[in-house]
Amino acid sequence: KEGITPIMVPEMATMMFNAGIKWIDISKREQDAFRFQVTMIRSQIQNEEMIYSFAHLVPGHSKVMICDRGTVDNMVYAKDEWQEDILSQVGSLGYLKRRYDGIIHLNTLAWGTDYKLDNPARYETKEFAIASDIRTWDMWSRGPDVPHIRINHDVSLDVKMEQVAQQVIKVVTSLQ
């Protein structure tokens with residue numbers, strides 16, 4: 001209704017899991033788990049760049065790319081001792097963060113009572129999901145500042161979507 005065309009970039013992890021590549025299996029072998037995270041970040045970058053190129057073909061003036069997860073999110077699932085080595089292969093944390101004009105962090109439903117494992121790509125226990133949520137917010141809060149906000153889990157889906165839409169409009173209008 002604001003005249004902004006959303007272009008959606010799917011989450012790379014869900015794409016891999018739906019293709020039959022399961023992190024839970026790969027994570028058991030440390031060397032493979034490290035390579036998986038590097039490859040996920042590189043693939044996310046390539047996917048975003050491909051969709052960005054196609055977005056220019058979409059008619060209309062105002063467009064916004066919305067990524068279901070960003071490159072930095074993959075760092076959350078990498079061991080702390082890998083962080084530096086991963087960044088040396090994919091670019092600095094600043095490079096990864098500056099790819100985005102704004103970050104909208106939707107808290108996991110695991111904070112509440114509605115957490116379910118009904119998504120085939122979701123394997124995390126409630127406790128692990130909460131720890132990952134905290135780590136994700138922390139990871140995006142490091143290094144160069146990119147505007148980011150958090151949307152709590154304890155509001156209805158309609159309220160969340162309205163809050164997301166308001167934040168997207170805020171970011172888009174700040175760029176014009």
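Start at the second largest pocket, which holds about 200 Å³ of space. A pocket here is an open set of points on a 1 Å grid over the protein atoms alone, where a 1.4 Å probe fits, with protein on both sides within 12 Å along at least five of seven lines. Its volume is the space filled by probe spheres set on the points, joined across faces, edges and corners.

This is a predicted model: local features need pLDDT of at least 70, side-chain atom pairs count only at pLDDT 80 or more, and totals for chains, interfaces and linings use all residues. Residues are numbered from 1 along each chain as its sequence is written, and side-chain values use heavy atoms, without hydrogens and water.

Select the lining next: 13 residues, with Trp23, Val76, Tyr77, Ala78 and Phe128 nearest the centre. Lining residues have an atom within 4 Å of a point. H7 gives the largest share, four residues.

Move to Gln37, in helix H3. Helices are DSSP runs (H or I, at least four residues), numbered from the N terminus. Gln37 counts as buried, at 2% relative accessibility; the cut-off is under 20% relative accessible area, with exposed over 50% (1.4 Å probe, protein chains only). Beyond four places in sequence, Gln37 is in contact (heavy atoms within 4.5 Å) with Trp23, Asn74, Tyr77, Ala78 and Ile86.

Follow Ile86 into helix H5, residues 83-90, where Gln83, Ile86 and Val90 are buried.

Finish at Gly91, which follows H5 and has a positive phi, near 120°.

Methods:
Helix = DSSP H or I, 4+ residues; strand = E, 2+ residues; numbered from the N terminus.
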